[in-house]
Amino acid sequence: MPEPVQVSILIATYNRASLLTQSLSSILSQTYPHWEVVLVDDGSSDNTWEVACAFAARDARIRPLHQEHRGLAHFAETYNFALAQAEGSVIALMDDDDLWLPERLAKHLPFHLAGGYALSFAQCQAVDEKAQPLEQQPYPVLDPATDLYVALLRGEYWIPTITTLISRTRLEAAGGFQQRPYLPAYDYPTWLAVGEPMGFLPLNLALRRIHSPQQITNKSALELALGAYRHAIEVAERSGFPKARLLSENRRNNLAHAYHLAAAQAGNEGKFGQALDYCREIARLGRPYLFARCLTMLTYKFGQRTLRYAASLV
């Protein structure tokens with residue numbers, strides 16, 4: 001009888017003691033028992049480490065590790081540190097503030113193994129800070145005929161990290177988790193590096209916590225949108241994929257909204273020229289309604305200066 005497949009669940013955490021308790025409890029509730037948790041405390045200053053050690057004392061499958069604080073800019077290095085300690089042949093990721101439904105692994109792992117996927121993912125439900133469902137439907141919603149890799153490269157959707165399963169051999173062959181200096185995220189470069197075959201299981205298996213309407217800053221929203229686009233261009237150049245196809249409608253929308261947020265921030269800081277440049281980028285992306293909103297916003301902040309620019313467009 002074959003040995004059951006071991007799943008290594010990697011967690012990087014920092015100052016999230018109360019929420020980490022909920023995340024680890026949701027893992028302990030899994031109906032599939034053959035897993036381990038490799039948890040890296042990134043130098044927390046609260047009692048996160050004590051929480052992690054308390055869970056490890058309850059269940060030997062949880063292994064906490066500690067390192068000096070590295071921060072988001074070194075997230076890929078932190079996950080590679082965890083990967084080096086892991087023993088499983090399949091890798092899963094859990095954010096320290098999110099939750100898994102009890103059959104997350106039991107339903108997803110057979111799908112992943114049967115398809116022979118390098119990377120597979122499922123849906124997640126957005127919830128508020130009290131883990132109450134928000135009105136959005138589970139994400140993503142994809143047509144079964146979607147070419148998952150091409151659509152990801154084009155920015156047509158994003159993969160919920162907490163729903164992924166990754167072949168360890170494929171992850172290591174790709175060089176492990178990856179991050180770029182211009183992109184403050186490890187997931188998108190890693191998914192594109194791991195590559196095909198990819199699988200999508202249209203089941204809601206996790207809860208993704210939304211802490212506030214503006215979970216990331218205006219500046220980081222633009223860094224994420226531009227960084228993802230820049231990385232897609234680099235991948236396209238290496239693979240021969242037409243760069244003209246990278247600007248999907250969804251990516252245009254994401255970039256335009258990120259520029260709008262950045263324009264608002266620049267306006268609040270009194271930087272009229274920079275805010276106007278961001279507005280022009282919205283126009284170049286072919287989003288006239290958002291461009292008009294951006295100009296209206298700047299008119300309230302800067303008055304005649306904006307009106308003179310708007311008049312020059314007539």
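Biologist: In which helix does Ser23 lie?

Modeller: This is a predicted model, and in it Ser23 lies in helix H1, which covers residues 17-28.

Biologist: How should I decide whether Ser23 is buried or exposed?

Modeller: The general idea is to look at the relative accessible area, where a value under 20% counts as buried. Ser23 has a relative accessibility of 0%, and therefore it counts as buried.

Biologist: Which residues does Ser23 touch, once its neighbours up to four places away in sequence are not counted?

Modeller: Ser23 touches Met94, Asp95, Asp96, Asp97, Asp98 and Leu99.

Biologist: How do I read the packing of H1 against helix H2, and at what angle do the two pack?

Modeller: The angle between two helices is taken between their N-to-C directions. H1 and H2 (residues 48-58) pack at an angle of about 20°, with their axes 9 Å apart. Angles under 35 degrees count as roughly parallel, and H1 and H2 are therefore roughly parallel to each other. H1 passes H2 in a right-handed crossing, and the residues that meet are Ala17, Leu20, Thr21, Leu24, Ser25 and Leu28 in H1 with Thr48, Val51, Phe55 and Arg58 in H2.

Biologist: Where do the axes of H9 and H10 stand by that reading, and at roughly what angle do they cross?

Modeller: The axes of H9 and helix H10 (residues 272-284) come within 8 Å and cross at roughly 165°. Because angles over 145 degrees count as roughly antiparallel, H9 and H10 are described as roughly antiparallel to each other. H9 passes H10 in a left-handed crossing. Among the residues that meet are Arg252, Ala256, Tyr259 and His260 in H9, and Gln274, Ala275, Tyr278 and Cys279 in H10.

Biologist: How many residues has the largest nonpolar core, and which of them have the most contacts inside it?

Modeller: The largest nonpolar core has 64 residues, and those with the most contacts inside it are Leu10, Leu93, Tyr157, Ile166, Phe177 and Met198. Helix H9 (residues 249-268) gives the largest share of this core, eight residues. A second, separate core has 26 residues, including Ile11, Tyr32, Trp35 and Ala52.

Biologist: Which residues does Met198 touch, not counting those up to four places away in sequence?

Modeller: Met198 touches Tyr117, Leu119, Phe121, Leu148, Tyr149, Leu152, Tyr157 and Ile159.

Biologist: What of Ser167 in its strand: is it buried or exposed?

Modeller: Ser167 is found in strand E7, residues 165-167, and at 14% relative accessibility it counts as buried. The side chains of Ser167 and Thr169 are joined by a polar contact of 3.0 Å. When residues up to four places away in sequence are not counted, Ser167 touches Ser89, His112, Tyr117 and Ala118.

Biologist: Turning to the backbone, which residues does a cis peptide bond join, with omega about -5°?

Modeller: Omega is the value to read here, and the cis bond with omega of about -5° joins Tyr139 and Pro140. Pro140 is placed in the loop between strand E6 (119-127) and helix H5 (148-153). The peptide bond from Glu196 to Pro197 is also cis, with omega near 0°, and Pro197 lies in the loop between helix H7 (187-194) and strand E8 (198-209).

Biologist: What is the phi of Asn15, which is not a glycine?

Modeller: Asn15 has a positive phi of about 50°. Asn15 lies in the loop between strand E1 (7-13) and H1, and at 28% relative accessibility it counts as partly exposed. Ala131, which is not a glycine either, has a positive phi of about 65°, and its place is in the loop between E6 and H5.

Technical notes. Residues are numbered from 1 along each chain as its sequence is written. This is a predicted model: local features need pLDDT of at least 70, side-chain atom pairs count only at pLDDT 80 or more; totals for chains, interfaces and linings use all residues. Side-chain values use heavy atoms; hydrogens and water are left out. A nonpolar core is a set of buried Ala, Val, Leu, Ile, Met, Phe, Trp, Tyr and Cys residues joined through side-chain atoms within 4.5 Å. Buried means under 20% relative accessible area, exposed over 50%, partly exposed in between (1.4 Å probe, protein chains only). Helices (H or I, at least four residues) and strands (E, at least two) are DSSP runs, numbered from the N terminus. Contact means heavy atoms within 4.5 Å. Axes are lines fitted to C-alpha atoms, for helices over the stretch in contact, and angles run from 0 to 180 degrees between N-to-C directions. Angles under 35 degrees count as roughly parallel, over 145 as roughly antiparallel, 65 to 115 as roughly perpendicular and the rest as oblique. A crossing is left-handed if the near helix is turned anticlockwise from the far one by less than a right angle, and right-handed if clockwise. A polar contact is a pair of N or O atoms within 3.5 Å; within protein, one must be able to donate a hydrogen and the other to accept it, and residues adjacent in sequence count only if both atoms are side-chain atoms.
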